[in-house]
Amino acid sequence: MEGPVCLIENTSAGDLLVNEEALVILSSIRQPVVVVSIVGMYRTGKSYLMNRLAGKCKGFSVGSTIRSVTKGIWMWCVPQDGDDRTLVLLDTEGLGDVEKGDQKNETWLFALAILLSSTLIYNSMGTINNEALMSLHYVTELTNHIKLRSTAEGEKDVELAGCFPSFVWALRDFMLELDLDGQTVTADEYLENSLRIKAGNNQNITISNAARSCIKKYFPCRKCFVFDPPTSKENLKTIEQLSDDELAPAFVEQILEFCDYISHNARVKIVKGEAVLTGRMLGNLVKIYVKTIMTGDIPCLENAVMALAKIENQTALEQSFALYRQNMEQQVNWPTDTEKELHDIHRHCQQEALQLFRTRSFKDDDQQYQNELKERIKTDYTRTREENERRSLDHCIVLLEELWRRIDTDSFMKPNGYRAYTIRVQSIIKEYKALPRKGVMADGALQKFMDGKADLENSIRKADEELTEQENRTREERLKHEQQMLEIHKANEQHLRETVGVIIL
């Protein structure tokens with residue numbers, strides 16, 4: 001990506017819409033994703049911080065006026081060099097925009113940032129005081145806008161916390177010394193000290209204590225960074241155009257430390273404590289959560305995971321089955337010589353399809369979708385076997401018909417023609433059996449073909465019998481006639497001899 005795109009549009013009517021262009025980008029990311037989102041009051045420099053995480057000075061819109069620039073949630077996907085994962089940066093619309101004045105809408109954006117990210121950055125100005133903590137009242141309402149299970153009965157905060165991102169507080173334009181009671185402290189120690197419950201019962205203290213309690217409860221993994229002012233007020237208007245040499249050295253050092261920490265410590269996005277999300281899965285999760293919110297329901301992690309599993313497993317099933325079909329079409333040389341040859345190819349293609357499914361599937365714990373894939377493959381293999389038999393049969397019939405054209409059947413319509421016919425047929429059958437790659441229906445096709453010649457064979461046999469009988473009768477009559485003529489001749493000779501003898505006497 002050359003720059004960010006809108007992931008979730010926040011319309012003027014307060015509706016949230018998922019941007020299809022962003023989903024297409026996410027769907028192309030098959031690597032695990034590290035999702036870093038940033039929230040905070042508007043006009044506090046969130047976008048500039050995210051640009052630096054992307055390794056750029058420009059990208060997310062950075063404004064120089066009091067008007068909020070970022071609307072909705074914007075996304076920038078940045079491949080990590082030498083790492084098999086992709087960094088997905090989410091820049092959210094600033095909280096507390098007086099022109100919008102829709103707290104419910106802001107709460108949903110805050111909730112979405114938590115639900116989608118593996119690291120949540122809270123960006124604020126100045127110090128951690130009651131005002132800063134009170135601006136985090138969204139945290140105190142999380143249990144009203146996020147559920148772990150469809151039924152909240154028995155739901156424990158520690159379980160919900162296990163599904164939340166790590167928390168990073170970025171304090172901008174921090175002008176104080178990190179000192180507590182005369183002792184130098186780290187930014188992390190400053191944060192933890194600020195989260196201590198304060199004494200008092202007034203409304204402000206109660207609200208800020210609630211925020212403190214919720215941050216500690218829901219974000220057990222916490223980190224804090226403080227940033228000096230980057231440059232003069234006048235130069236802030238063009239901060240995107242300033243090089244590091246033109247910024248305050250302390251600020252540059254702090255930015256580099258911050259970016260290095262996120263790069264090395266931000267973890268991949270997981271759900272249900274174990275399932276690693278890819279970009280495609282993150283995109284589906286976005287659609288699930290936004291649809292849930294827009295229908296008036298509360299996002300439920302359990303339901304979202306179930307819905308995501310259904311989407312991912314159905315997709316994995318279709319892709320795996322398509323791979324099986326594709327490989328079978330490419331590897332089967334129709335028709336196969338034997339059933340074993342086809343079965344071996346089927347078994348290999350099935351193994352590849354199952355391997356792809358196991359790689360692409362998501363929490364198919366009861367193997368429902370894997371079993372469905374096996375059934376579809378089994379059904380398709382039955383179809384393939386039938387197709388193999390049909391192709392073999394058709395091929396063999398063509399071969400037999402070509403060989404049969406060499407026979408002049410009329411020439412066998414004569415006495416003793418049947419024997420000559422059977423000898424010629426046996427010669428054709430022998431030649432047919434010697435032909436290669438006839439397929440599994442070679443014998444069946446021969447039987448079917450010869451069954452189709454049964455009438456011809458009977459006709460030749462009958463003709464042979466009738467003509468042979470006629471010939472035999474003719475021969476017998478001829479022999480009988482010849483015998484009669486011989487007897488007449490003998491009688492004439494005898495009569496002649498007797499006549500000559502009388503004359504001599």
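This is a predicted model: local features need pLDDT of at least 70, side-chain atom pairs count only at pLDDT 80 or more; totals for chains, interfaces and linings use all residues.
Local features need pLDDT of at least 70 and side-chain atom pairs count only at pLDDT 80 or more, while totals for chains, interfaces and linings use all residues. Residues are numbered from 1 along each chain as its sequence is written, and side-chain values use heavy atoms, with hydrogens and water left out. Helices (H or I, at least four residues) and strands (E, at least two) are DSSP runs numbered from the N terminus.

**Helices α12 and α13**

- The axes of α12 (residues 301-331) and α13 (residues 339-360) come within 8 Å and cross at roughly 155°; axes are lines fitted to C-alpha atoms, for helices over the stretch in contact, and angles run from 0 to 180 degrees between N-to-C directions.
- The two helices, α12 and α13, are therefore roughly antiparallel (angles over 145 degrees; under 35 is roughly parallel, 65 to 115 roughly perpendicular, and the rest oblique).
- The crossing of α12 past α13 is right-handed, a term for the near helix being turned clockwise from the far one by less than a right angle, with anticlockwise giving left-handed.
- Residues in contact (heavy atoms within 4.5 Å) include Leu-317, Leu-323 and Tyr-324 of α12 and Leu-342, Ile-345 and Phe-357 of α13.
- By class, this contact of α12 with α13 has eleven nonpolar, eight polar and three charged residues; Ala, Val, Leu, Ile, Met, Phe, Trp, Tyr, Cys and Pro count as nonpolar, Asp, Glu, Lys and Arg as charged, and the others, Gly among them, as polar.

**Helices α11 and α12**

- Helix α11 (residues 279-294) packs on α12 at about 130°, with the axes 10 Å apart.
- The pair α11 and α12 is therefore oblique, and its crossing is right-handed.
- From α11, Arg-280, Met-281, Asn-284, Leu-285, Ile-288 and Tyr-289 meet Leu-301, Ala-304, Ala-307, Leu-308, Ile-311 and Glu-312 of α12.
- The contact of α11 with α12 has nine nonpolar, one polar and two charged residues.

**Cysteines**

- There are zero disulfides in the structure (a disulfide is a pair of cysteine sulfur atoms within 2.5 Å).
- The cysteine sulfur closest to that of Cys-221 is in Cys-224, 13 Å away and too far for a bond.
- Cys-221 is partly exposed, with 40% relative accessibility, whereas Cys-214 is buried, with 8% (buried is under 20% relative accessible area, exposed over 50%, and partly exposed in between, with a 1.4 Å probe and protein chains only).

**Ser-118**

- Ser-118 sits in the loop between α3 (103-116) and β6 (119-125).
- With 3% relative accessibility, Ser-118 is buried.
- Apart from neighbours within four places in sequence, Ser-118 contacts Val-34, Val-35, Pro-165, Ser-166, Arg-267, Val-268 and Lys-269.
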